[in-house]
Amino acid sequence: MTIAARFTALGTATVAEASADARLVLARLRPVSLGMRVAGPARTVRFPPGDNLALHHAIAAASSGDVIVADCGGHVDSGPFGEIMALACMLRGISGLVINGAVRDTAEITALGFPVFSRGIDIRGTRKSNRGEIGVTVDIGGVRITQGDMIIADADAVIVVPCGSVNAALAAAEARAANETRVMERLRAGETTLQILGLDKEESE
């Protein structure tokens, strides 16, 4: 499995609790469909609301496996990304989109199976006149995201692991996941969470 696939399998909660370097994006970014999840290096783009030319350029510039991280200031009064762009992303091997803004064509995006995490939904169209900025550091939900940082997103959250901390975060998260597997095995064997976590001893003292 690739590093991105391993992070995807682990999920945001496990990675965030295991790694002090993981940063929680404190913005209301939700998947357009509940089961969507993705991980991959960020391909950043920033552009003004109501214009999606920069997003077209970001898709053309992205590499296979990238997660496009798009910042249009959190505005949700237009939908700069929809079914056609989702298909364009898929055909280029792009893994997903995290957008601090709105999208449209959510049923079609869901049918395609392309992971999209957005701040809202809006069907209004956009201009195509501003090239924006590609590859810049963006600030979304109080988190600075630099191109190449690892993005992990699922139904629970969107988190960011700085590119220099990826290997350590992955090792810590996989160790935590292995421990949780052992806990669940003990639960199935009949023990309680109080016994497994040693909480019954604290109550008896």
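# Notebook: a predicted chain, looked up piece by piece

**Entry 1. The whole chain.** I began with burial: of the 205 residues of the protein chain, 44% count as buried. Buried means under 20% relative accessible area, exposed means over 50%, and partly exposed lies in between (1.4 Å probe, protein chains only). The model is predicted, so I noted the limits: local features need pLDDT of at least 70, side-chain atom pairs count only at pLDDT 80 or more, and totals for chains, interfaces and linings use all residues. Residues are numbered from 1 along each chain as its sequence is written, and side-chain values use heavy atoms, with hydrogens and water left out.

Next I looked up the extent. The C-alpha atoms fill a box of roughly 70 × 35 × 30 Å along the principal axes. I found 8 helices and 11 strands in the protein chain. Helices (H or I, at least four residues) and strands (E, at least two) are DSSP runs, numbered from the N terminus.

I then checked contacts, meaning heavy atoms within 4.5 Å. Among contacts with a separation of 6 or more, 74% come from residues 24 or more positions apart. The accessible surface is about 10,100 Å², and carbon and sulfur atoms hold 52% of that surface. Such areas come from the Shrake-Rupley method with a 1.4 Å probe; for residues, only the protein chains shown count as cover.

**Entry 2. Aromatic rings.** How many aromatic pairs does a search of the whole structure find? The search finds 1. The partners are phenylalanine 81 and phenylalanine 114, with ring centres 6.2 Å apart and planes at 25°, so I wrote the pair down as stacked. The rule covers rings of Phe, Tyr and Trp (its six-membered ring): centres must lie within 6.5 Å, and planes under 30 degrees apart count as stacked, over 60 as edge-to-face, the rest as tilted.

The pair links distant parts of the chain, 33 residues apart. Phenylalanine 81 is in the loop between strand S4 (67-71) and helix H4 (83-91). Phenylalanine 114 is in the loop between helix H5 (106-112) and strand S6 (116-121).

**Entry 3. Strands around S6.** I followed S6 to its partners. Two strands pair if DSSP finds at least two bridges between them. Strand S2 (residues 30-31) is joined to S6 by 2 bridges and runs antiparallel. There, proline 31 stands opposite phenylalanine 117. Strand S5 (residues 96-103) is joined to S6 by 5 bridges, and these two run parallel. Alanine 102 stands opposite glycine 120 of S6.

Aspartate 105 is found in the loop between S5 and H5. Its phi is positive, about 60°, although the residue is not a glycine. Its relative accessible area is 31%, so I listed aspartate 105 as partly exposed.

**Entry 4. Helix H3.** Which residues of helix H3 (residues 53-61) are buried? They are Leu53, Ala54, Leu55, Ala58 and Ile59. The cover over them includes strand S3 (38-46), S4, H4 and strand S7 (133-134).

**Entry 5. Strand S11.** Strand S11 (residues 158-161) is covered on both faces. Val158 and Val160 are buried on one side, Ile159 and Val161 on the other. I traced two partners. Strand S1 (residues 23-24) runs antiparallel to S11, with 2 bridges. Arginine 23 stands opposite valine 160. Strand S10 (residues 150-153) also runs antiparallel to S11, with 4 bridges. Isoleucine 152 has isoleucine 159 as its bridge partner. S10 and S11 form a hairpin with 4 residues between them.

**Entry 6. Two single residues.** Where does glycine 141 lie? I found glycine 141 in the loop between strand S8 (138-140) and strand S9 (143-145). Its relative accessibility is 22%, so glycine 141 counts as partly exposed. Leaving aside neighbours within four places in sequence, glycine 141 is in contact with Leu24, Val25, Leu26 and Ala27.

Last, I looked up alanine 168, in helix H6 (residues 166-188). Its relative accessible area is 54%, so alanine 168 is exposed. From alanine 168 to arginine 186 I noted 18 residues in sequence and 28 Å in space, C-alpha to C-alpha.
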